[in-house]
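Please keep the sequence and the coordinates at hand while reading.

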Amino acid sequence: MINVTIDGKNYKIPENYTVLKACREAGVYVPTLCYLEGINQVGSCRLCLVEVERQKNLKASCVLPVAEGMVIKTNTKRVREARKVNLELLLSNHNRECTSCERSGNCELQRLSDEIGIRNIEFIGEKTVKPVDTSSPSIVRDPSKCILCGRCISVCSKVQGVSAIGFRNRGFKTTVGPIFDKGLGEVDCINCGQCIINCPVGALKEKESIDYVWDAIEDPSKYVIVQTAPAVRAALGEEFGLPIGTRVTGKMAAALRRMGFDKVFDTDFGADLTIMEEGFELLDRIQNGGKLPMVTSCSPGWIKYCEHFHPDMLENLSTCKSPHEMLGAVMKTYFAQKHGLDPKDIFVVSVMPCTAKKFEAKREELRESGFPDVDAVITTRELAKMIKQASIDFNKLPDEDFDEVFGESTGASVIFGVTGGVMEAALRTVSEVVTNKPLEKIKFNEVRGLEGIKEAEITLGDKNIKIAVANSTGCANKLLEKVKSGEKEYHFIEIMGCPGGCINGGGQPFVSDKTKTEEDVLGKRANALYEEDESKTIRKSHENPMIKMIYDEFFEKPNSHKAHEILHTHYVK
Ligand code: HC0
Ligand code: SF4
């Protein structure tokens with residue numbers, strides 16, 4: 001530890017800290033726009049400037065290491081004025097149409113302009129002009145809003161291991177985007193949206209389907225079914241000012257009903273169905289010499305990553321469709337038959353924490369019934385916008401249930417939304433199927449927690465199986481390299497494309513860098529799902545009575561011929 005003085009007070013600080021980190025730990029707020037701890041520490045926005053005694057120039061605190069006896073001043077006239085000038089320069093080349101901007105109300109640039117006291121911009125000059133990129137099925141880029149902070153670039157390369165975007169050109173012409181001015185839809189982008197949720201401004205957003213969904217609801221010839229992913233309930237409340245980690249399952253179902261959907265179902269049912277299919281597929285591969293390790297296939301960002309970066313592992317993927325696609329396929333087959341509906345009139349909307357699901361829903365592989373399994377995907381953020389457009393007072397809504405029977409789900413399915421959850425849900429079912437005895441402990445702590453890679457060995461009957469869980473495609477890459485080199489061997493691997501799993505998907509509510517340093521955002525969202533699991537009387541997928549019913553009435557048994565036709569697919573690229 002070393003001694004530093006910040007704004008006249010003395011602190012003991014670990015010597016490997018930056019000045020910014022020391023200030024934050026001391027409770028001294030220093031504004032930043034480009035900073036993302038451990039990911040983007042580049043000192044480019046120049047808003048975190050501080051004065052350091054005996055040093056002539058102001059210093060960017062995010063890249064300045066602390067030193068013994070350092071005297072730091074964060075709040076002098078010189079600091080305030082320099083931050084203001086730097087921010088004005090940034091704003092001079094920014095498309096400031098705040099009222100119609102996607103991020104109005106939660107833009108970090110807008111908030112800092114207010115906090116730093118910008119009231120007029122003196123430097124009016126030329127602006128860098130670049131067209132909006134709409135080539136991706138999931139993401140829209142507007143370079144006129146970009147402030148060149150580099151957060152998206154760092155997240156895409158360092159966390160996701162993709163490097164689809166970078167700085168292009170030099171000086172005034174500098175922009176952020178894919179190589180050779182290509183569109184995001186033309187490069188190896190996996191649609192994860194991690195760049196969106198880490199963008200401090202409105203330069204990146206999801207490709208909206210709001211009007212498409214409203215039109216379907218208004219269309220009397222359409223039977224419109226909505227389903228909601230596990231992680232949406234853990235974060236939607238944030239859009240309505242509720243504390244991070246507030247679970248809003250009941251209010252969400254109530255809001256969807258008031259918006260006019262004909263049925264309000266839960267993707268969690270699809271997750272229970274996935275566990276049945278994937279669990280039995282795993283057992284079959286282990287017992288009959290199938291391709292191992294088997295890797296989960298429910299995260300579409302991960303699937304696309306696998307196609308681009310590990311095409312030799314496509315055979316390792318489970319053939320199961322993802323839960324919302326399974327539920328969509330069930331709607332257009334079993335549900336349509338049972339209710340005398342023509343599948344062409346059924347319109348399935350998935351509310352997802354994920355931008356890659358927009359791409360997934362358009363895949364040719366996922367339209368076995370002759371119609372897309374899912375017709376539209378909206379993110380958690382888009383759902384919040386629709387609720388606001390409908391003038392629904394969300395916080396005053398009563399808690400309501402999902403509709404029967406596809407609203408019936410178990411604790412196992414709700415934890416799908418957090419890293420390790422699919423693995424834990426699968427183990428709960430596979431263990432009981434193998435041993436034919438009730439589980440002694442339902443929690444698998446070995447696969448819980450937010451570390452990038454987790455490993456464990458689990459006893460299933462008389463056999464030990466080796467498992468691993470990776471979250472973020474960057475961590476998946478590290479894990480798979482070890483598998484390929486023979487350094488590691490597993491039977492079953494869960495991979496989720498986003499760090500932390502779907503609770504941190506690219507479609508989730510924005511959380512500022514400031515809030516991220518003050519609150520354990522992912523831990524709180526994860527807890528919301530674990531609490532919902534604990535609140536359920538049925539916590540294993542195979543015990544869901546409606547799952548039993550659908551096998552009795554329709555699919556016969558897991559992995560049956562019919563189940564394969566409707567619930568499974570193959571990715572070949
Ligand atoms: Fe997920 Fe899913 S858990 S991918 O993160 O498997 O998006 O929440 O909906 O489909 O169930 C996302 C979340 C889902 C699917 C489920 C899976
Ligand atoms: Fe990179 Fe994901 Fe953004 Fe594509 S969506 S540019 S892969 S961070």
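Helices here are DSSP runs of H or I with at least four residues, strands are E runs of at least two, and both are numbered from the N terminus. Angles run from 0 to 180 degrees between N-to-C directions, and axes are lines fitted to C-alpha atoms, for helices over the stretch in contact. The model is a predicted one, in which local features need pLDDT of at least 70 and side-chain atom pairs count only at pLDDT 80 or more, while totals for chains, interfaces and linings use all residues. Residues are numbered from 1 along each chain as its sequence is written, and chains are lettered from A and ligands numbered from 1 in the order in which they are written.

The antiparallel strands β15 and β16 (residues 463-471) are joined by eight bridges. Within this pair, E455 stands opposite A468, and I458 has I465 as its bridge partner. Two residues lie between the strands of this hairpin, where G461 takes a positive phi near 60°. On the β17 side, β16 runs parallel to its neighbour, and five bridges join the two. There, N471 has M496 in β17 as its bridge partner.

A second open sheet also consists of four strands, in the order β11-β10-β13-β14, and its pairing is parallel. Its edge strands are β11 (263-266) and β14 (376-379); each has a single partner strand, so one side of each is left without a neighbour in the sheet. On average, neighbouring strands of this sheet are turned by 25° against each other, direction ignored. Strands β10 (residues 223-228) and β13 (residues 346-352) pair in the parallel sense over six bridges, and I225 stands opposite V348 in β13. Helix α6 (residues 210-218) packs on this sheet, touching β10, β13 and β14, with its direction at about 125° to that of β14. Helix α12 (residues 380-389) also packs on the sheet; α12 touches β13 and β14 and makes about 85° with the direction of β14.

Consider next a pair of helices. The axes of α8 and α10 are 7 Å apart, and the helices pack at an angle of about 100°. They are therefore roughly perpendicular to each other, a term for angles of 65 to 115 degrees. Their contact is made by T267, F269, G270, A271, L273 and T274 of α8 and by P323, H324, M326 and L327 of α10; residues are in contact if their C-beta atoms, placed from the backbone, lie within 7 Å. By class, this contact has six nonpolar, four polar and no charged residues. Ala, Val, Leu, Ile, Met, Phe, Trp, Tyr, Cys and Pro count as nonpolar, Asp, Glu, Lys and Arg as charged, and the others, Gly among them, as polar.

Some local backbone features remain. A cis peptide bond with omega of about -5° joins L292 and P293, and P293 lies in the loop between α8 and β12 (294-295). The peptide bond from E404 to V405 is also cis, with omega near -5°; V405 is placed in the loop between α12 and α13 (411-414).

Notes
Angles under 35 degrees count as roughly parallel, over 145 as roughly antiparallel, 65 to 115 as roughly perpendicular and the rest as oblique. Two residues are in contact if their C-beta atoms, placed from the backbone, lie within 7 Å. Two strands pair if DSSP finds at least two bridges between them.
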